[in-house]
Amino acid sequence: RRQATIDGGRLALRMGILGRADVPIDQIASVGTMLWPWWAGLGVRIARGLVAFVGASGPAAVLELTEPTEVRTPLKWSATRIAVGAEDVEGFVAAIARARGVTPEPGA
């Protein structure tokens, strides 16, 4: 089960029982988008400096962080970027922008 919630100045990401990240909103420097490729796999995926929470290939939001943040993958992993697959990626990006006090650019 995937879940993303914004509450109390934090973005909480959950995927299954072992994948999770709790990111302070003020540590999100910027938010963009990318296409998550099918060959990169699904679930909680790790790469150099990146952790992805994705349930399907296709559009994903990418959070650029101001500093390394510890993420459970289920092992502890340090990430400076987090990719998030969402049913409504544009809505997710807009919600993060609102939480950061930033007006999202059209089409972002």
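Modeller: A residue is called buried when its relative accessible area is under 20%, exposed when that area is over 50%, and partly exposed in between. The model is a predicted one, and the values below are computed from it.

The part to look at is strand S6, which covers residues 50-54. Five of its five residues are buried, and the strand is described as mostly covered. In a regular strand, side chains alternate between the two faces of the sheet. In S6, Leu50, Ala52 and Val54 lie on one side, with Val51 and Phe53 on the other. Both faces are covered, as the residues on either side are all buried.

Next come the strands that pair with S6. Strand S5, residues 43-47, runs antiparallel to S6 and is joined to it by five bridges. Ala47 is the residue opposite Leu50 in this pairing. S5 and S6 make a hairpin with two residues between them. Gly49 is in that turn and has a positive phi of about 75°.

S6 also pairs with strand S8, residues 76-85. Here the pairing is parallel and has four bridges.

Ser78 is another residue of S8. Apart from neighbours within four places in sequence, Ser78 is in contact with Gly49, Pro68 and Thr69. Gly49 is the turn residue of the S5 and S6 hairpin. Ser78 has a relative accessible area of 46%, so it counts as partly exposed.

That leaves the charged side chains. Side chains of opposite charge can pair when their charged atoms come close. The model has two salt bridges. In one, Asp22 pairs with Arg14, and their closest N and O atoms are 3.0 Å apart. Asp22 is partly exposed because its relative accessibility is 29%, and Arg14 is partly exposed because its value is 30%.

Glu64 forms a salt bridge with Arg81, with 3.8 Å between the closest N and O atoms. Glu64 belongs to strand S7 (residues 58-72) and Arg81 to S8, so this pair ties together parts that are 17 residues apart in sequence. Glu64 is partly exposed because its relative accessibility is 30%, and Arg81 is partly exposed because its relative accessible area is 33%.

Notes
Residues are numbered from 1 along each chain as its sequence is written. This is a predicted model: local features need pLDDT of at least 70, side-chain atom pairs count only at pLDDT 80 or more; totals for chains, interfaces and linings use all residues. Side-chain values use heavy atoms; hydrogens and water are left out. Buried means under 20% relative accessible area, exposed over 50%, partly exposed in between (1.4 Å probe, protein chains only). Two strands pair if DSSP finds at least two bridges between them. Contact means heavy atoms within 4.5 Å. A salt bridge is a side-chain nitrogen of Lys or Arg within 4 Å of a carboxyl oxygen of Asp or Glu.
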